[in-house]
Every structure is written in C-alpha cells, then in structure tokens.
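Here is a short note to read beside the structure. The points go chain by chain, then turn to the interface and to a few single residues.

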Amino acid sequence: MALLEVRGVVGGYGEADILHGVDLDADAGEIVVIVGANGAGKSTLMKAVAGLVRIRAGSIAFAGEAIANAPAETMILRGLAYVPQERNVFPSLTVEENLAMGAYARPAQAAAGMARVFALFPDLVQRRRVAAGQLSGGQRQMVAIGRALMLEPRLIMLDEPTAGLSPKFCALIFERVQAIAREGVAVLMVEQNARPALAIADRGVVLAMGRNRATAPGPALLADPEIGRLFLGG
Amino acid sequence: MLELVNFYLLPGLVLGAIYAMSATGLSLVYGVMRFAHFAHGDLMAFGAYAALAAVDALGISPWAAIPIAAAATVPVALAADALFYARLRRSLPAVLLISSFGTGLMIRAGLYFVFGPTQTGYGMGFTPPLVLGALRIQVRHLWIIAGAAVAALALHLLLTRSRAGRAMRAMADDPDLARITGVDVAQVIRLTWAVAAVLVAIAGVFLGIDTQLTPGMGFNVLLASFAAAILGGIGRPWGGALGGLLLGMAEELSSFPLIGGAPLLEPAYKTGVAFAVLVLTLILRPQGLFRGM
C-alpha cells in the first residue's frame, strides 16, 4: 500500500466540482509530479489532500489512515506538510520565526528542525533575523519549504515551488527536492516547469479537466509524443 | 513653556497612554480576526465599573482593583466572541461589525441598569501634585504613564518572545497559512480576546481615575481609539500604541494658547481633533504612519 492513496476524489470550491474522480499514489522517497493545463485541478487536488478543499466523494488515505476532510491544522501532526504556491511565508515574521512556526505543533523539535533546515539551505543562515517579506522570491521559497520540513514530515506537497524564480534558483530547488526525497520523504509537486520537473519525477501524473489522463515515470511521459504535444507545449 | 508641559503635554501623554492601550487591543483584534470591534469602548467602561464595584465592596484603591477589573472583563470578551462573533466569523465584515455594535449596546445597557446613568468616581480624594522644580505632575498621571509603559513592554515580550504571541502575529499575517502550520486558530483567537480585554480594562480604570465614570465613557473614546489604530496602521499593535500617544497629545495641544491669549481650538472641540486626524489619515495615508510595524 502506498503512503498516500487518493481514490476517485470528487470535489472543488462551493457548488462547482473541479476534481471528477482523481486517483493518486505517492510512496516514501518518491518524487511525484502533477502536470496539466490551467484549471486541470492540480492545485485543487493538493489542497484536497491538505484538508483545505472539501471532497464530496472518494477517499484519501495517508499511512493507512483515512484523512479526507480532516481539519487542515491536524495534517502536520500526521506527517503531511503543504507549501502553497503564493503567500507561503509569514511576511512580518523573521526567517527564524517562520521556521519556528513550522514546529508550532511540537516546539520541542524546533531546535533540531532549524539546524536541519539551515544545513539544507545555508543561504538562510545569515538572513535568519530578516523579515521573510524582505527576502527574494527564491529565498522565500526556501523559507517556505524549510518551514514545511521542520517536523520531519513523511510527505511534503509543493505547489509550483519554482514559479517566478530565476533558472539558477529553479535548478537549486529541484536539486534540494531530490535531496529531500533521498531522505525517504515522499514529495508531491505541482509544476508549470513541467519538463525539468518530470525529468526528476519517479512518477508523473497528467491531469486533464479534473480527471487522470496518464500516469507513468516522469522520463517516460517526457518521451511520449502525444503527452508532449498536448500537455508540455510541444 | 512650563505651562505647555504641565497643562498640555503631560495631560496629553496621559490621555495618549489611555488611547494607546485601547487602540493596541483594537489593532490586535483587527489583525488576528480582520474585525473592527465596535464594542471595544464598552468593554473599557465595563472594566472601569468592575474596578468601581471592587473599590466599593472591598474598600481597596482603584489601582489595587486593576487585576480584578482585568479578570472580570476577559470573560465578557470571551463570551461575546463565543455567543455572537464566532457564529458570524464567516459572514460579511459589515455583519460582524454591526453585531459588535449590538454587543456594545448590551454591555452599556447593563452598566446603566446596575450603576445608573449619573457620573461617579473612585472617590480618591485630593492628592497634591508632585513638584519637581518647576514641573508639576499629578501622582496619578505618573502611575498611568508608568502603567501603560509596563503594559506595552509586557505585550511586546508576549508578541515577540512567546510561542503564543508568535502564533498571533502569524495569524495576523495569514490565517490560512497559520492553520496549515498546525496553529489552533480558535485558541489563538481566545488568547487575542483575553489580551485585548486586559489592555482595555486597564485603560478603563485609568480613564476612570483620570476623569469620571459614566456608562458611556468607553463609547466616547471608541472613535479616538479607532483613529489612533488607523493612524498607526490598523492591525499593527505598536503602530496603534504610537498612534494613541500622538492623538492624545494632539487633542490636548489643540487648545494651547499658542497665538495671543486664546486657545488654538476651544477645548469643547477637543474631541473633534480625533475625527480630523481619522479623516485626514484615511485620505492621505490609509496604510497608517508606520508601515511594517
């Protein structure tokens, strides 16, 4: 059984369903990349797993436990961390305070978590007392990912972690994502930069109109001419 | 010059300290809940009268009654939230605002019912002012300024050094993100009410000590408190505190006889200064004077 098992999920915002029966698996240490056109339901699927979007049908199991529609604030204690695409740091809090917020549910682990995050993102060390709102986009993304890693989650979900970043930062983020997965953490990622993301994906999931279109190892999806033409811009 | 300090600056500082404590609570509540709390002034009056009840029943000084006033006001704020605001949290801001107006009326009506409409005081009697050279300062004014400073320091330590305070600031930044990080939102909201209620209750006792008690005393300073909070950038407690100090001084200094013998503004129009500041701030600098506090 996979660490995360999403089966036939139907749901969306208010009356309008965006997901029409989506399946998704993610195993420990695996990088899973979700791609698809705008409005395909990529972010909504992630928010449904995070407990931020209600699902009307289907099931979500994490480590064998049903978590569908559980309150969002309980997810971090289950080992499931989520980094939204925008507004993913507390702008008026310092880098250190943002990271401390990541360990809010278990303050005793804050010191160890901070040491781990600073080892993963050494750039943050000298900016630790700077308000997160004053950081560059790339540094902010590091803070957001670092915050999510504070309590050693078993699954981390990243919604477009490289959106708006320079190629240098994109490469850095992808490289760190691989390092995180090597530690045995499952990484679930939505990416507009589909090609470089699929290149490192153990599993690529193509969504279209709220339904699964294709699932295969990332490089296999990249090699598929039809997927390339329809979803990856030729 | 000494007249300016003794009769305008010092009283302005005292009034400013009271505004500051009220505005800080307003700003906290606004920051954490995005909620303009119109019953805040009536909570202030409630705190002042709770102290009066303690003074009458126990024969203690109003200073000693401050902890009792604070302890009595916290449950009122928590009850208002549990009974009214929590149920309306997802409705339009205007609905929440009007509900707080209604809550304020209920509190005020309760005070009228129990204590009557007439002015009253803590019966502290007359104490001669301290004379420091040419400086004359009322002992009670000294205590009020010192008390407000201690409260500001305590709040600062709470917000920056404690886990709960950090969670309050995180909620003010982004409530959804705070939830994702595992913050118990309901608990942070309760703490925010408790802190705001303690601050405003102390402000109420201070106001009662400085002037008189009437059931409408808090409502009369509510708009000045909002003006102070907006002047400092609503949602930022430190801005609210500085806005309060500035506004208190501006009100008192507005009647200083700067030119000739006549006051700049008749003292009767003093409270109008708060409105002028409010309107000017909203037009010229709606984000407040102090960005990023």
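1. Chain B exposes about 13,000 Å², and carbon and sulfur atoms supply 70% of that area. The model is a predicted one, and every value below is computed from it.

2. The charges of chain B come next. There are 17 positive and 12 negative side chains, and the centres of the two sets are 10 Å apart. Chain A has 23 positive and 22 negative charges, whose mean positions lie 4 Å apart.

3. Chain B is built from 11 helices and two strands. Read from the N terminus, the order of its elements is α-α-α-α-β-β-α-α-α-α-α-α-α. Its radius of gyration is 19 Å, close to the 19 Å that the globule rule gives for 293 residues, so chain B is as compact as a globular protein of that length. The C-alpha trace of chain B spans about 60 × 50 × 35 Å along its principal axes.

4. Of the 293 residues in chain B, 50% count as buried. Among the contacts in chain B with a separation of 6 or more, 74% are between residues 24 or more positions apart.

5. Chain A has nine helices and 10 strands. A compact globule of 234 residues would have a radius of gyration near 17 Å, and the 17 Å of chain A agrees with this. Its C-alpha trace spans about 45 × 35 × 30 Å along the principal axes. Buried residues make up 56% of the 234 in chain A. Of the contacts in chain A with a separation of 6 or more, 65% join residues 24 or more positions apart.

6. How many residues of chain A are in contact with chain B? There are 20, and they meet 17 residues of chain B. Three residues of chain A, namely A:E73, A:F90 and A:Y104, supply 36% of the area that chain A buries against chain B, more than any other three residues. The size of an interface is often given as the accessible area lost when the parts come together. Here the area buried between chain A and chain B is about 1,900 Å², of which carbon and sulfur atoms give 58%.

7. Helix α3 of chain A, residues 95–102, is mostly covered, with eight of its eight residues buried. Among them are A:V95, A:E96, A:L99 and A:M101. The cover comes from both chains: it includes α4 (110–120) and α5 (137–149) of chain A, together with α5 (139–161) and α6 (163–173) of chain B.

8. Two residues of chain A deserve a look at their backbone angles. A:N69 has a positive phi of about 65° although it is not a glycine. A:N69 sits in the loop between β5 (65–66) and α2 (75–78) of chain A, and is partly exposed, at 27% relative accessible area. A:E152, also not a glycine, has a positive phi of about 50°. A:E152 is in the loop between α5 and β7 (155–159) of chain A. Is A:E152 buried or exposed? With a relative accessibility of 51%, A:E152 counts as exposed.

9. B:L111 belongs to helix α4 of chain B, residues 93–115. At 4% relative accessibility, B:L111 counts as buried. Beyond its neighbours within four places in sequence, B:L111 is in contact with B:A45, B:F46, B:Y49, B:G116 and B:P215. B:V273 is 162 residues from B:L111 along the chain, and their C-alpha atoms are separated by 28 Å.

Conventions: Residues numbered from 1 in each chain as written. Chains lettered and ligands numbered in written order. Predicted model: local features only at pLDDT ≥ 70, side-chain atom pairs only at ≥ 80, totals over all residues. Heavy atoms only, no water. Helix = DSSP H or I, 4+ residues; strand = E, 2+ residues; numbered from the N terminus. Rg over C-alpha atoms; globule rule 2.2 N^0.38 Å. Buried < 20%, exposed > 50% of the residue type's maximum accessible area, 1.4 Å probe, protein only. Contact = heavy atoms within 4.5 Å. Lys, Arg positive; Asp, Glu negative; His and termini not counted. Charge placed at Lys NZ, Arg CZ, Asp CG, Glu CD. Buried area = accessible area lost by both parts, 1.4 Å probe. Areas by Shrake-Rupley, 256 points an atom, 1.4 Å probe, with all protein chains shown as cover.
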